[in-house]
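Trainee: Please take a close look at the aromatic pairs in this model. I would like the geometry and the surroundings of the rings in one connected account.

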Amino acid sequence: MIRARSLMLLALFSFACNGAQTPGTPSKAASDETGGSKKGDLGPPVGEPIQAVLTNSPEVPPPTGRTQPAKVVVELEVREVTKAISEGVDYTFWTFGGEVPGKFIRIRQGDTVEFHLQNHPSSKMPHNIDLHAVTGPGGGAASSFTAPGHASQFTFKALNPGLYVYHCATAPVGMHIANGMYGLILVEPPGGMPPVDREYYVMQGDFYTVGKYREKGLQPFDMQKAIEENATYVLFNGSEGAIAGDAALTAKVGETVRLYVGNGGPNLVSSFHVIGEIFDKVYYEGGSRFQENVQTTLIPAGGSAIVEFYVEAPGTYVIVDHSIFRAFNKGAVGMLKVDGADDLAIYSGKEVDSVYLADMSVTPGGAIAEATSQAAAGQLTPAAQVKAGETLFAGTCSTCHQANGAGLEGVFPPLAASDYLNADPKRAIGVVVNGLSGPVTVNGKDYVSVMPPMSQLNDDEIANILTYVYASWGNSGVVVSAAEVAQVRASTTRPAGAAH
């Protein structure tokens, strides 16, 4: 019943938005003659001013629930804050409202918006805002240039319905956006959005740090990488794990989910995909028209899309940028966890494979963060290395070598009680850093396979993984340090591109 009702309302919404004639409205030809944005001037505001409800991702403000235009007051504060971009990795973000992405703004077509922008006194830089929902030069940028400790104000009328990006446009514009200064504003059509069971706010962005992916400590912005479009991280909602693990989006079988998806860029186009779901409807580029039965949708930098799907089967659905190295090697992974009864006629069951979840499923602030903190203080213990290594092993090594270290007969050698491993820890480091092509003999058995260089792993990550392996499954208990890994890495000549 829920789905039938939602689909019926969606059909009515589509009928109106696609220009079909409804009772009491002019013909399509007549309305087209007036021009698109002219149709959005629905008269002066009615009633007292309304304070806009703003939310942090992944939450979405409630529908406006209004049938007439209003004066809506939006207050947004710029803050420059240092936060975790990944476990053990900090970054100084420039934000609208203290978080990346910025606050979600929800208004109605025809509303008059009185926009107040404050720049916190602790900020180092001036900032402004360009809202793609604004009709006028600069989208409000020239009217909102705001120095630290100051505030600005301007007014605009929301003429066009749709889902729009906003971002900072202070020079250098790319740097301000790359540091996280973007968000979404939804301009509802006059009849509102059709009701659904769940709505979420997801926004992708690409980040450029001096250190490589997951290199620990406070990482500064790298302008040259940004100019070359060589992203260190590609993330949903501003950090690895922002919508994964305990922070995953949630739904129930039989519900319709709507995702308001933005792409702040500044450079990369998103290939947005939910593994195991098909989008029933995609309002492409955040506009009024929709496509149906879509597997993956492109979202340009500075653009958006609204995707909707009905959930038939329980389990964990992994959200990715399907430019797939961005997902598993730059961080663009999220999750939707769905509760409910199995329907074996739809799907036979089994939780999502660990290859999709990897270590992204771990809620930030755990073992890896603790090991990083200890290392920074010069007090790293083997126990902390083992715990961090266990998490990293699950996401990097367990698919081939198995969670119990047993490997796969004839293909992937065992790590458990491995004579090859225990004979020479330095050689083991070299295998992880540089890869290994078989044949190789382990515990009297021959294995022929290829292990690629794990060049995406940092020295501390390799040290922690190997320390965990040596502490497990009857191995020798050797402790491997990041310095030992660095020494092996530095002493090995590799072809260009084989390692960072």
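**Aromatic pairs**

Mentor: The mean pLDDT of the chain (pLDDT is the predictor's confidence in each residue, from 0 to 100) is 89, and 88% of its residues reach 70 or more. This is a predicted model, in which local features need pLDDT of at least 70 and side-chain atom pairs count only at pLDDT 80 or more, while totals for chains, interfaces and linings use all residues. Residues are numbered from 1 along each chain as its sequence is written, and side-chain values use heavy atoms, with hydrogens and water left out.

Rings of Phe, Tyr and Trp (its six-membered ring) pair if their centres lie within 6.5 Å; planes under 30 degrees apart count as stacked, over 60 as edge-to-face and the rest as tilted. By this rule there are 16 aromatic pairs. One of them joins Phe93 and Phe207 edge-to-face, at 5.7 Å centre to centre and 85 degrees between the planes. Phe93 belongs to strand S3 (residues 89-96) and Phe207 to strand S10 (residues 198-207), so the pair links distant parts of the chain, 114 residues apart; strands here are DSSP runs (E, at least two residues), numbered from the N terminus.

Buried means under 20% relative accessible area, exposed over 50%, and partly exposed in between (1.4 Å probe, protein chains only). Phe93 is buried because its relative accessibility is 2%, and Phe207 is buried at 0%. Tyr468 and Trp473 also pair edge-to-face, with 5.6 Å between centres and 80 degrees between planes. Here Tyr468 is buried at 9%, whereas Trp473, at 24%, counts as partly exposed.

Elsewhere, Phe236, Phe272, Phe279 and Phe309 form one aromatic cluster.

Conventions
Helices (H or I, at least four residues) and strands (E, at least two) are DSSP runs, numbered from the N terminus.
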